[in-house]
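Please brief me on helix packing and aromatic pairs in this structure.

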Amino acid sequence: MTMSAQKGKREVTSYSDWMSQLPPELHNIPLFNLAIPGSHDSMSYDLDINSSIIEPDQLKRLSWSYCARYIVRKWSITQEETIAKQLDAGVRYFDLRIARKANDTNPTRLYFYHGLYTLTDVETVFRVINDWAGKHPKEILILALSHFKGFDKKNENQLHAHLISFIKTLFGSKLLPMTSDPTLQSCWSKGKNVIVSYGKTNPHRELWSQIPYYYGNSMDTTKVESEIRRVLEKASFKYFFVCGLNLTLPDNAGILLYILRLCDNLTNVIQRSLPRLLRWITQQAGKTPVNIVASDVVTRDDFVSTVVKFNTLKFGKA
């Protein structure tokens with residue numbers, strides 16, 4: 001390799017700041033065209049064993065049972081590391097499912113959930129993310145808020161207003177308003193590095209509309225691959241979109257085939273499947289557009305480095 005070629009080539013050496021290490025050729029392409037690693041059910045490492053059961057519906061009435069809560073928890077945990085460690089590992093998209101506890105004495109306190117509520121409340125986690133964003137101003141973070149469980153007609157408006165106000169106040173000037181074709185360079189020049197996608201219709205220009213999330217809705221990796229491939233080959237994307245490599249438990253009696261396995265759990269099942277899914281998405285990225293790639297157990301199996309490398313491979317800089 002010549003000296004000029006060596007000078008032109010840049011490799012990511014630290015995934016805690018991988019966006020700032022991408023080659024200059026990628027600084028001015030839309031973020032919708034970058035490959036961005038994301039985590040599915042990002043807060044599920046924090047599930048509270050003493051929480052009431054939120055889902056699946058068939059088990060809600062067994063919330064009184066520690067055994068039932070234990071089973072739900074071990075089949076709901078999809079991430080192993082904290083948000084801060086996911087950020088350090090290079091994850092830049094976060095799937096954050098918001099919920100309100102029915103009998104909480106604090107009228108505006110919110111949590112995350114996946115089967116059970118989390119131990120840590122929303123505002124505490126957002127402060128951690130805000131602190132991290134302040135220390136890494138060139139890393140663009142995408143927070144996808146959705147579901148809003150327990151937001152009933154009586155308190156819905158109040159809860160949304162409080163949450164949106166908190167987001168705008170906390171992240172402040174870091175928030176990137178919804179705009180067409182944002183790039184790394186345009187975000188850096190404006191000092192913006194937090195994008196909040198809010199899964200509800202809202203009039204706030206600081207918040208983005210819901211980001212489409214495509215997944216296979218199956219525990220079968222072949223079906224996951226087939227469904228995502230079908231979408232990628234037919235759709236035309238001019239906005240953020242997510243390819244979800246996550247496996248999904250059945251929402252019928254078929255779930256018993258999994259949760260009654262005493263010596264297994266969702267994390268183990270995912271770990272056995274992820275290498276194959278990563279090989280498949282690597283091949284797919286050479287054929288169709290790929291934007292955000294979300295997965296479970298994102299700190300394992302070179303998930304982040306594999307997705308980030310799609311960027312240099314795609315633009316001939318490998």
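This is a predicted model: local features need pLDDT of at least 70, side-chain atom pairs count only at pLDDT 80 or more; totals for chains, interfaces and linings use all residues.

Residues are numbered from 1 along each chain as its sequence is written, and side-chain values use heavy atoms, without hydrogens and water.

**Helix packing**
- Helix H7 (residues 221-234) packs with helix H9 (residues 266-285) at about 20 degrees, with axes 11 Å apart.
- H7 and H9 are therefore roughly parallel (angles under 35 degrees).
- Thr221, Thr222, Val224, Glu225, Ile228, Arg229, Leu232 and Glu233 in H7 meet Ser273, Arg276, Leu277, Trp280 and Gln284 in H9 (heavy atoms within 4.5 Å).
- By class, the contact of H7 with H9 has 5 nonpolar, 4 polar and 4 charged residues.

**Aromatic rings**
- The structure holds 14 aromatic pairs (ring centres within 6.5 Å; planes under 30 degrees apart are stacked, over 60 edge-to-face, the rest tilted).
- Phe148 and Phe151 have ring centres 5.4 Å apart and planes at 55 degrees, so the pair is tilted.
- Phe148 and Tyr198 also form a tilted pair, with centres 4.9 Å apart and planes at 35 degrees.
- Phe148 lies in strand E5 (residues 141-149) and Tyr198 in strand E6 (residues 194-198), so the pair ties together parts that are 50 residues apart in sequence.
- Phe32, Trp208, Tyr239 and Phe240 form one aromatic cluster.

**Burial**
- Phe148 is buried at 4% relative accessible area (buried means under 20%, with a 1.4 Å probe and protein chains only).
- Tyr198 is buried at 1%.
- Phe151 is buried too.

Key. Axes are lines fitted to C-alpha atoms, for helices over the stretch in contact, and angles run from 0 to 180 degrees between N-to-C directions. Helices (H or I, at least four residues) and strands (E, at least two) are DSSP runs, numbered from the N terminus. Angles under 35 degrees count as roughly parallel, over 145 as roughly antiparallel, 65 to 115 as roughly perpendicular and the rest as oblique. Ala, Val, Leu, Ile, Met, Phe, Trp, Tyr, Cys and Pro count as nonpolar, Asp, Glu, Lys and Arg as charged, and the others, Gly among them, as polar. Rings of Phe, Tyr and Trp (its six-membered ring) pair if their centres lie within 6.5 Å; planes under 30 degrees apart count as stacked, over 60 as edge-to-face and the rest as tilted. Buried means under 20% relative accessible area, exposed over 50%, partly exposed in between (1.4 Å probe, protein chains only).
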